[in-house]
Each structure stands twice: as C-alpha cells, then as structure tokens.
Amino acid sequence: MARRRRTYVLAGLLVLTGCLTAVLLARVLSTIFLAITVAYVLFPVSEWLGSHGLNRRLSAAVTTGVAFVSGTLVFVPPGAVLYLRRRDLFSFFQQLPATVVIEFGEFSTAIEIDPTLMAARETLTAVAVDLAAESPVLALKAVLFAILVYAMLWRPQAPKQAVYRTVPTSYHDVADRLHQRLRGTLYAIYVLQAATAFGTFLVAWVVFWLLGYQGAFALAVVAGVLQFIPVIGPSIVVLAIAVADVINGNISGAILVTVFGLVFVGFLPDAVIRPRLARSTTGLPASLYFVGFTGGVLTLGIIGFIVGPVIIALLVELSALLTNERNGGQQKLS
C-alpha cells in the first residue's frame, strides 16, 4: 500500500511539473514539437551514417545539419519568392477588369477587384514587417531547434527507454504500434508531401511558362506550397487562372490551362511521386488527413498541419488496437 501511494504521489508530481513546464515553455512548444518530429523522421539517416563509419556524435551533427539546411530550403525560398515576385503576381491579377458582374437569372451583383488586390498587398506587407520584427526570436528558435534535433539523434534510445520504464511490460506492444503509426505519419507529412510539392513546383513552372503566363515562377511556387493542403492542393491555382482568363475573354486560354493544369499540375505529381514514396507510410485516408490538417491549423496555427494529422493517426491506431482487443477477447470467450 505504501509503495502504491508513493507511485501515485510521484505520478501526481510528474503531471504537475509537466503542466508547469508547458506553461513556462509555451512560446517554444511548437519548436520543441517540430524538432522531435524531425528527429523522428531523420533517425534512419543518422543510423545510415553511423553504419558507414561515422561515430554517433558526428552522424548526429551531420544529420542535424541536413535537417537545418532542408528546413531552410523548404521554408525560406518560397517565402522569398512570393515576396520578391509579388509584383508579378499582382500584375497578373491586375489584368482582370476593375469590376466583375456576376449574373444568375434575374439576380446580378458586381464585385470590385481593386479593393481585394489592395487588401492582399497590405496583408503581404504586414506579414513581411512582422517577420522582420520577430527575426531575433526566430533566430533563437532556430538555435533551439538545432540543439534539440542533435540531442535526439545523439541519444535516440533515451526516449524509448523512458517509455518502456514507465509503461508496464504488457503494454509494450501498444507503444510499438503507436511508434510505427507515428513514424509512418511523420514520413508522409515531411518526406512524401515535400517531394510531391517540389515535383508540383517543377511541373507547374514548365506548364505555366509554356502557356505564356506572366509570373509563371511565382505561380508555380504557390502551386507547390498548396500541395501541402490535402484535397484542395494546387488545383485551386489552376482554376483561379482559368477563371481569370474567362473574365478577360480568353476562353481558349482558360480551356488550355484547365486541361493541362489539372492533368500535369494537379494529377501527375500525385500519380507519379506519391506511390513511389508511400510504401513507408501508414496509409491514413485522405479524408481523415484533411480533417486533422484543417482542425490542427485552425486551432494551433501553422504547427497544426503536423499536430492535427498526428493526433488523428494515433486515434485511428488506438481504435484499431481496441477493436482487435475486443475481437480477441470474444474469440477467447467462445
């Protein structure tokens, strides 16, 4: 009884300390979570480097450098391109008439384009100013991110040992199943989505350039970024361009960009790249992924595009474990 009471007291202290830690680290929780998930995905890279002669410290350092450079290449160039090429994007949309009249039967309404463009320009400028003001904080978070990734890769067995010591032996199989689901989901988010987005960017750049659109490079960047949004994806860019062509009276251009854009930009990268990389994922349905993505982003902001699908994936895995447990129990009773 005394030992059980001691266990309960320690568990309560652990929960209380965890809550206090979460409050204290609220500003960097997203950075910590991002670092843990990145280290989770890059652990095989560190292991591969270690198997080719590098010691644990050096392999962890090299892999951390890969993570930092990859993150920089993923996030910085799209933002820089969108900002530097903002005039190309606005010049493309400025080709639209000042007012668009939508008629449906006896109902008609006029939509003014110029106020929308001005609001978009002001929003982009405000985002750039906010990023400049937050640059010292972002630099500190980048340093914290690198340190955490390195620590996780240097001592990769520490979290597993901590979990196994905390969880009873009879539940180790549950921890292993959740580990497999988490690794596959993170692989799908980071590796599969990033590769598909990059392929979408390249294909979109070629398609928009061949079709003669001004600002093809910036439009391709937008299409690549939208590949991270499930279900909607880069097709929304193609349809927006087609609508703009229709409004400007360029019906043939709208047909061409719709056909070639939806086939080569909206469909081809998903059909070619995704199946080749999907073998290591857990196969989370697109509908559930979309629910997790949307809910996570609306609730937690940008970090939610990772947290949301992860929570949904773990929920699905736990549901499957519960179903298997009940079926197994029924079979034993019969």
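This is a predicted model: local features need pLDDT of at least 70, side-chain atom pairs count only at pLDDT 80 or more; totals for chains, interfaces and linings use all residues.
Colleague: Why is T196 called buried?

Modeller: Buried means under 20% relative accessible area, exposed means over 50%, and partly exposed lies in between (1.4 Å probe, protein chains only). T196 has a relative accessible area of 0%, and is therefore buried. T196 lies in helix α8; helices are DSSP runs of H or I with at least four residues, strands are runs of E with at least two, and both are numbered from the N terminus.

Colleague: What does T196 touch, leaving aside residues up to four places away in sequence?

Modeller: T196 touches Q227, P269, D270, I273 and R274, where contact means heavy atoms within 4.5 Å.

Colleague: Why is V62 called partly exposed?

Modeller: The relative accessible area of V62 is 35%, so V62 is partly exposed. This residue is found in helix α3 (residues 56–84). Beyond residues up to four places away in sequence, V62 touches L49 and L54.

Colleague: What makes α8 roughly antiparallel to α9?

Modeller: The axes of α8 (residues 172–210) and α9 (residues 216–226) come within 8 Å and cross at roughly 150°. That angle makes the two helices roughly antiparallel, since angles over 145 degrees count as such, under 35 as roughly parallel, 65 to 115 as roughly perpendicular and the rest as oblique. Axes are lines fitted to C-alpha atoms, for helices over the stretch in contact, and angles run from 0 to 180 degrees between N-to-C directions.

Colleague: Which residues make this contact?

Modeller: On α8 they are A197, T200, F201, A204, W205, F208 and W209; on α9 they are A216, F217, L219, A220, V221, A223 and G224.

Colleague: What makes α9 mostly covered?

Modeller: Nine of the eleven residues of α9 are buried. Among them are A218 and L226. For the chain, 28% of the 334 residues count as buried.

Terms used. Residues are numbered from 1 along each chain as its sequence is written. Side-chain values use heavy atoms; hydrogens and water are left out.
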